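Morning, everyone. Please have the sequence and the 3D view ready. I'll go through a few places in turn.

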Amino acid sequence: MITIPYLTALTTYFSYGLLFAFGQLRDFFRRIIDWWNSSNLQGYAPICLGLEDFYIRRLYLRIQDCFGRPIASAPDAWFDLVERYSNDHNKTLKRTEKLSRCLNLGSYNYLGFAAADEYCTPRAIEALKRFSSSTCSPRVDGGTTTLHSELDDCVAKFVGKPAALVFGMGYVTNSAIIPVLIGKGGLIISDSLNHSSLVNGARGSGATIIVFQHNTPSHLEKVLREHIAEGQPRTHRPWKKIIVVVEGIYSMEGELCKLPEIVAICKKYKAYLYLDEAHSIGAVGKTGRGVCELLGVDTADVDIMMGTFTKSFGSCGGYIAGSKLTMNTSKSILLQELIQYLKYTCPAHLYGTAISPPAAQQILSAIQVLLGEDGSIRGAQKLARIRENSNFFRSELQKMGFEVLGDNDSPVMPIMLYNPSKIPAFSRECLKQNVAVVVVGFPATPLLLSRARICISASHTTEDLVRALEVISKVGDLVGIKYFPAEPKKEEQEDRTVKLD
């Protein structure tokens, strides 16, 4: 639960109110001009009208230079950023030929595999030569190569499940899988801060959706108990199926899921557990196997494990790994194992183009490095480095007085900005110092909870992190986002001790 300072909340509300008022005033005069110079639409209604695009026109376009910045190199610890300019107050942005070398604090390149790697890159190139860049087909047609079959088995073994199935896109893995697992007459109990892919998948399923307070097992148990007792709406029949949906590391909060408690509750009430490990698989745990390994949870207690390859593995796509549980098909009394059932019914598998072979080889090679199968200890070194970097950077930001969300060991660390004017100010001032950060506001976050989201990588050196901290500290003072008193430096503490003596 984020406690917003009263003055900060007041000024944030005032800022949004001011933007809304002036935006409405400008829209009023715009409607008059449009009426005066009315164009004949021949009976068609405008596609975008009024409040439907108000946020984009009056808020987003003013600061769109802070988003979608094109890069001209691999997303490593440092990358080349293409500079842009606008002649029409940010309505359109034009690229220049000039590049800026910037410290990358925004990419999900947690283990550094997104850049050229001595083990992964040659094998990915060889896969490109052998299999081409695409299978040009879904998995069920001509899209399953030997690499895909090997990757299915490798992922299952890596996460500790009997079977797994890989998909070409991480977002679709959630949004297309959930409607296959549950439908009308089922109950989905979802964490209030789950990713939009999980939200859209739940909405598309036709099941009843109930939200529990973010990462609060006690509230989850209360919700489960009440809805099991009440049953389905109107009929009060028992639920056909209940699935609890959580994330391993929450992408906008950087918090670790309270998995042991949630597993115990799901066992108690016989509910299935769906775990999204997009940001945790590969990034946390002694061998990179995610929050189950980190928190000491047996993977057999998690029924459905989902993850993506776009973060720690430097590739693309996602996966579903399952226990040997069975799911009712609702059209048949037969029971089938989860992964086999998905192969027959999931539209992402049946109609989506298979993951690119070079991308599949990149994932296989990255897992081999993590497991030490490349003959080196680089995997263990990367995992140790990401943990050390994350904990060091988080602790230093907190000492400076920033409000930083999340838990130790998490490579995701949001810095709270709150006020809408501080979103572009923080981003632009950091960029002037050649530090590239990602800023996030409404609707990706609640209106009052705008933030900058820092993502740490194992490829960052100590010098990189120290430089980033110096820049962020200066910009934080300039923008006014140090909401807590900074801790005195060690030298100041020693001087103070001497004076007291």
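Which residues point one way from strand 12, and which the other way? Before I answer, keep in mind that this is a predicted model.

Val 412, Pro 414, Met 416 and Tyr 418 point one way. Met 413, Ile 415 and Leu 417 point the other way. Now, are these residues buried or exposed? All are buried, on both sides.

Next, its partner. Strand 12 is joined to strand 15, residues 450-455, by 6 bridges. The two strands run antiparallel. Find Met 413 in your view. Opposite it, in strand 15, stands Ile 454.

Stay on strand 15, and look at Arg 451. The side chain of Arg 451 meets that of Glu 253 in a salt bridge, at 3.1 Å from N to O. Why does this pair tie together parts 198 residues apart in sequence? Because Arg 451 sits in strand 15, while Glu 253 sits in the loop between strand 6 (241-247) and helix 8 (259-269). Both ends are covered. Glu 253 has 8% relative accessibility, so it counts as buried. Arg 451 is buried too, with a relative accessible area of 1%.

Now salt bridges in general. Side chains of opposite charge can pair when their charged atoms come close. How many are there in the whole structure? A search finds 14.

Take another one. Arg 428 and Asp 65 meet through their side chains, 2.7 Å from N to O. Arg 428 lies in helix 14 (residues 422-432), and Asp 65 in the loop between helix 2 (54-60) and strand 1 (78-85), so this pair ties together parts 363 residues apart in sequence. Arg 428 is partly exposed, at 30% relative accessible area. Asp 65, at 18% relative accessibility, counts as buried.

One more pair. Arg 378 and Asp 374 form a salt bridge at 3.9 Å, N to O. Both are buried. They also belong to a network of salt bridges, with Asp 117 and Glu 118.

Last stop, the surface. What makes up the nonpolar patch of about 720 Å²? Phe 14, Leu 18, Phe 22, Leu 25, Phe 28, Phe 29 and Ile 32. Pick out Phe 28. You'll find it in helix 1, residues 6-36. Phe 28 has 43% relative accessibility, so it counts as partly exposed.

Thanks. Over to you.

Technical notes:
Residues numbered from 1 in each chain as written. Predicted model: local features only at pLDDT ≥ 70, side-chain atom pairs only at ≥ 80, totals over all residues. Heavy atoms only, no water. Patch = residues over 30% accessible without salt bridge, like charges linked within 9 Å, V, L, I, M, F, W, Y side chains within 5 Å. Areas by Shrake-Rupley, 256 points an atom, 1.4 Å probe, with all protein chains shown as cover. Salt bridge = Lys/Arg side-chain N within 4 Å of Asp/Glu carboxyl O. Helix = DSSP H or I, 4+ residues; strand = E, 2+ residues; numbered from the N terminus. Buried < 20%, exposed > 50% of the residue type's maximum accessible area, 1.4 Å probe, protein only. Pairing = 2+ DSSP bridges.
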